[in-house]
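I start with the overall fold and then go down to single residues.

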Amino acid sequence: MISRNPNIANLKAGYLFPEISRRRREFAAAHPSDIRIISLGVGNTTEPILPHICTGLAEGARRLGTVEGYSGYQDEGLLELREKISEVFYGKKFGADEVFISDGAKCDIGRLQMLFGPGTKAAVQDPSYPVYVDGSVLIGAAGAWEGAGYRGVVYLPCTAENGYFPDLSPVPANSLIYFCSPNNPTGAVSSREQLSELVKTTLKKGCVIVFDAAYSEFIRDPSLPKSIFEIDGAEQCAIEVQSFSKPAGFTGVRLGWSIVPKALKYADGESVNADWARLSGTIFNGASNIAQAGALAALDPEGLKEIRRLTDFYLRNARSIKDALQELGVSSIGGDNSPYIWARFPGRDSWDVFAEILEKCRIVTTPGAGFGPSGQSFIRFSAFGCRADIEEACERLKILKFR
Ligand code: PL4
């Protein structure tokens with residue numbers, strides 16, 4: 001019989017979000033005639049795509065039904081969209097051949113790991129979005145589970161004590177550093193000085209950063225960087241992954257991009273950009289042309305206003321959740337420049353707090369321990385939800401007693 005990929009066997013547990021859904025289903029089945037469960041768990045958008053962007057999508061679909069507007073495979077993405085992304089997000093710093101359109105940030109994170117292979121160690125913020133670690137396990141770079149983490153992964157604790165920015169001294173030389181700002185799950189946003197320190201360390205240690213900026217459009221404080229490429233030297237050591245999922249409501253439409261600068265080289269001087277083009281051309285057949293038409297609409301002046309409106313909406317939800325937690329005496333960070341609130345329950349197991357909130361309030365959250373060892377005793381609240389649900393959830397939270 002054919003053998004199982006041993007890397008899959010190395011995965012310690014099921015993927016976090018299906019596990020949350022499983023527990024929710026189990027709970028609902030055990031309480032059939034109960035009040036409705038509200039989800040503040042998975043970061044899944046709830047609001048309709050706004051009209052201008054939606055018209056862009058519809059127009060894209062309509063054009064496919066015409067002789068002159070029809071298009072088939074477009075492996076590397078629409079030239080017009082790649083140029084627009086460079087203009088809107090990077091002040092035209094990058095050529096179109098450094099902008100790669102994808103079907104979402106998560107998919108690109110998975111594919112990018114193939115560039116560096118199983119011999120490259122990973123360093124991650126702890127806690128972090130599970131794909132960085134689980135993807136490293138699947139590619140064979142993380143090795144087996146040992147005690148509290150995977151052998152080939154260096155966990156960089158982000159705690160209240162260090163202001164949720166890690167000590168970078170344990171980062172191994174020549175490793176791949178996954179870094180997310182605004183951060184999922186903590187909601188912390190790294191400052192310009194902190195990202196400068198990250199870039200300096202990365203260059204000194206011969207590493208590469210995979211910078212996940214999926215939540216950059218939630219940043220309201222103008223002093224905070226939205227892209228790693230606002231930092232000098234980043235072009236020599238970073239790849240940025242980005243997404244239309246949260247700012248444009250494209251979680252189901254699926255569209256993102258990655259910036260792979262031409263200045264980024266491997267130890268032997270070969271081009272990472274050229275390898276990424278080769279790799280993508282081989283195992284990816286391009287993003288949906290309808291989604292790309294929607295993205296073009298999202299990046300024109302009217303679309304950018306809609307992105308602002310939508311992200312403002314979710315930030316208002318975040319404010320309400322933060323206020324409700326504060327009234328309960330629960331301390332939290334995030335939610336100001338990010339759609340996630342990271343709430344602290346000292347001395348408690350986060351899966352127990354998850355169960356308690358589900359049991360008493362019928363609210364699904366995400367237990368911090370699911371994001372890494374330093375997530376223990378934290379709960380992540382997602383601000384993605386319709387307004388009525390958020391208001392109802394804030395009311396229900398009042399019955400909790402954590403003081
Ligand atoms: C649930 C830091 C959410 N099934 O939609 P994409 O692929 O462009 O972006 C996914 C993504 C990328 N980077 C970060 C993210 O937080 C996310 C989405 N994360 C969450 O609740 O943490 C949705 C998760 C989804 C998943 O497994 O990714």
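This is a predicted model: local features need pLDDT of at least 70, side-chain atom pairs count only at pLDDT 80 or more; totals for chains, interfaces and linings use all residues.

1. On to the overall build. The protein chain has 13 helices and 15 strands. Its radius of gyration is 21 Å, close to the 22 Å from the globule rule for 403 residues, so the chain is as compact as a globular protein of that length. Along the principal axes, the C-alpha atoms fill a box of roughly 55 × 55 × 50 Å.

2. Burial and surface go together here. Of the 403 residues, 54% are buried. The accessible surface of the protein chain is about 17,200 Å², and carbon and sulfur atoms supply 53% of that. As for charge, the mean positions of the 44 positive and 47 negative charges lie 4 Å apart.

3. How is the chain divided into domains? The assignment gives domain 1 as 7-49 + 303-397, with domain 2 covering 51-300. Taken over C-alpha atoms, the centres of domain 1 and domain 2 are separated by 24 Å. Domain 1 puts 40 residues into the contact and domain 2 puts in 55 residues.

4. Helix H10 (residues 289-298) deserves a look. Nine of its 10 residues are buried, so the helix is largely enclosed by the rest of the structure. Among the buried residues of H10 are Asn-289, Gln-292, Leu-296 and several alanines, including Ala-291 and Ala-293. What do the buried residues of H10 pack against? Their partners are helix H3 (51-63), helix H4 (79-90), strand S2 (99-102) and helix H11 (301-328).

5. Next, a pair of serines. Ser-350 is in helix H12 (residues 350-361), and it counts as buried because its relative accessibility is 0%. Setting aside neighbours within four places in sequence, the contacts of Ser-350 include Pro-367, Gly-368, Gln-376, Ser-377 and Phe-378.

6. Ser-377 sits in the loop between strand S14 (366-367) and strand S15 (378-382). Is Ser-377 buried or exposed? With 14% relative accessibility, Ser-377 counts as buried. Residues up to four places away aside, Ser-377 touches Ala-343, Arg-344, Phe-345, Gly-347, Arg-348 and Ser-350. Its C-alpha atom is 8.1 Å from that of Val-353, 24 residues away along the chain.

7. Now some backbone geometry to check by eye. Most residues other than glycine have a negative phi, and most peptide bonds are trans. Against that background, the bond from Asp-126 to Pro-127 is cis, with omega near 10°, and Pro-127 lies in the loop between strand S3 (122-126) and helix H6 (131-139). Another cis peptide bond joins Ser-181 and Pro-182, where omega is about -10°. Pro-182 is in the loop between strand S7 (176-180) and helix H7 (192-205).

8. Last, two arginines with positive phi. Arg-254 has phi near 75° and lies in the loop between helix H8 (245-248) and strand S10 (256-259). Arg-254 has a relative accessible area of 29%, so it is partly exposed. For Arg-362, phi is about 55°, and its place is the loop between H12 and strand S13 (363-364). At 11% relative accessibility, Arg-362 counts as buried.

Technical notes
Residues are numbered from 1 along each chain as its sequence is written. Side-chain values use heavy atoms; hydrogens and water are left out. Helices (H or I, at least four residues) and strands (E, at least two) are DSSP runs, numbered from the N terminus. The radius of gyration is taken over C-alpha atoms; the globule rule is 2.2 Å times the number of residues to the power 0.38. Buried means under 20% relative accessible area, exposed over 50%, partly exposed in between (1.4 Å probe, protein chains only). Accessible areas come from the Shrake-Rupley method with a 1.4 Å probe; for residues, only the protein chains shown count as cover. Lys and Arg count as positive and Asp and Glu as negative; His and the chain ends are not counted. The place of a charge is taken as NZ of Lys, CZ of Arg, CG of Asp or CD of Glu. Domain bounds come from an automatic or database domain assignment. Contact means heavy atoms within 4.5 Å.
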